[in-house]
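The following exercises concern a single protein model. Each one sets a task and then works through the solution in steps.

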Amino acid sequence: MKRRTFLQGAAVVTALPVISFYWAQKNVAGVVEQTTVERLSKPHHAWQGQISKEAFSVLFEEQTEPPGSSPLNHEHRDGLYICAACYLPLFESQYKYESGTGWPSFTQPIAGHIDTKPDYQLIILRTEYHCARCGGHQGHVFKDGPKPRGERWCNNGLALKFIVHSDELPPLRS
Ligand SMILES: [Zn+2]
């Protein structure tokens with residue numbers, strides 16, 4: 001290979017992650033959350049036994065529950081939705097809405113408690129999000145939600161626990 005060709009190739013390889021990062025930020029995400037929570041250093045496998053097998057596969061093996069399967073779809077009381085693993089509050093009930101998708105959906109998360117990253121699992125690029133504390137996979141965020149933010153935070157019910165307003169929040173788990 002000629003040196004010039006090689007250098008051009010190297011430049012493209014170097015530029016690709018940068019280009020795809022900006023593409024993700026601009027076109028898909030448009031939604032980037034800054035975290036304010038200190039990340040636990042607990043390895044994912046250590047959550048086994050603390051949560052159900054089904055919750056583990058969603059939270060730490062990036063699985064998606066079948067649509068319409070979560071009892072949280074029908075939860076309309078005031079309260080908080082917390083991470084099913086570490087119990088960090090992630091969503092407030094006032095921002096839950098009926099998206100018609102079969103998954104619990106919200107127009108916005110609790111600021112700083114969610115971490116976003118591009119997801120290349122399907123052909124179309126999506127933005128997935130995690131609990132900022134334990135790193136548990138919660139769902140994907142889309143830009144087809146209601147105004148004013150226009151966001152749809154599409155969450156697996158298995159990855160959340162609902163705490164009704166009148167109940168005390170459980171302490172964070174480590
Ligand atoms: Zn968590």
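This is a predicted model, in which local features need pLDDT of at least 70 and side-chain atom pairs count only at pLDDT 80 or more, while totals for chains, interfaces and linings use all residues. Residues are numbered from 1 along each chain as its sequence is written, and side-chain values use heavy atoms, with hydrogens and water left out.

**Exercise 1. Describe the overall fold.**

Step 1. The protein has two helices and nine strands; helices (H or I, at least four residues) and strands (E, at least two) are DSSP runs, numbered from the N terminus.

Step 2. Along the sequence, the order of these elements is α-α-β-β-β-β-β-β-β-β-β.

Step 3. Of the 174 residues, 45% count as buried, where buried means under 20% relative accessible area, exposed over 50% and partly exposed in between (1.4 Å probe, protein chains only).

Step 4. Among the contacts with a separation of 6 or more, 62% join residues 24 or more positions apart; a contact means heavy atoms within 4.5 Å.

**Exercise 2. Characterise the metal site and the state of the cysteines.**

Step 1. Identify the donors, which are N, O and S atoms within 2.8 Å of the metal (3.2 Å for Na, K and Ca); water is not among the atoms, so sites may look incomplete. The zinc ion is coordinated by the SG atoms of C83, C86, C131 and C134, at 2.3 to 2.4 Å.

Step 2. Read the spacing of the donors along the chain: C-x2-C-x44-C-x2-C.

Step 3. Assign the geometry. The angles among the four donor atoms are 99 to 116°, and the site is tetrahedral. Four donors count as tetrahedral if all angles lie between 85 and 135 degrees; four count as square planar and six as octahedral if opposite donors are over 155 degrees apart and all others between 65 and 115; anything else is irregular. For comparison, ideal angles at a metal are 109.5 degrees for four tetrahedral donors.

Step 4. Search for disulfides, defined as pairs of cysteine sulfur atoms within 2.5 Å. The whole structure contains zero.

**Exercise 3. Is A132 buried or exposed, and which residues surround it?**

Step 1. A132 is found in the loop between strand 6 and strand 7.

Step 2. A132 counts as buried because its relative accessibility is 3%.

Step 3. Leaving aside residues up to four places away in sequence, A132 touches T35, V37, R39, G112, H113, I114 and D115.

Step 4. A132 and E33 are 99 residues apart in sequence and 9.6 Å apart in space, C-alpha to C-alpha.

**Exercise 4. Follow helix 2 and the residue after it.**

Step 1. Helix 2 spans residues 53-61, and its buried residues are A55, F56, S57, V58, L59 and F60.

Step 2. These buried residues pack against strand 1 (79-83) and strand 7.

Step 3. Helix 2 is followed by E62, which is placed in the loop between helix 2 and strand 1. E62 has a phi near 60°, a positive value in a residue other than glycine. With a relative accessible area of 26%, E62 is partly exposed.

**Exercise 5. Locate further backbone features in the loops.**

Step 1. Y87 lies in the loop between strand 1 and strand 2 (89-92). Phi of Y87 is positive, near 75°, and Y87 is buried, at 15% relative accessible area.

Step 2. The peptide bond from K147 to P148 is cis, with omega near 10°. P148 is in the loop between strand 7 and strand 8.

**Exercise 6. Which strands line the largest pocket?**

Step 1. Define a pocket: on a 1 Å grid over the protein atoms alone, it is an open set of points where a 1.4 Å probe fits, with protein on both sides within 12 Å along at least five of seven lines; lining residues have an atom within 4 Å of a point.

Step 2. The largest pocket has a volume of about 220 Å³, this being the space filled by probe spheres set on the points, which are joined across faces, edges and corners.

Step 3. The lining comprises 15 residues, of which T64, W103, R126, H140 and N156 lie nearest the centre.

Step 4. Strand 6 (126-131), strand 7 (137-142) and strand 8 (152-155) each supply at least two lining residues. Strand 7 gives the most, with four residues.
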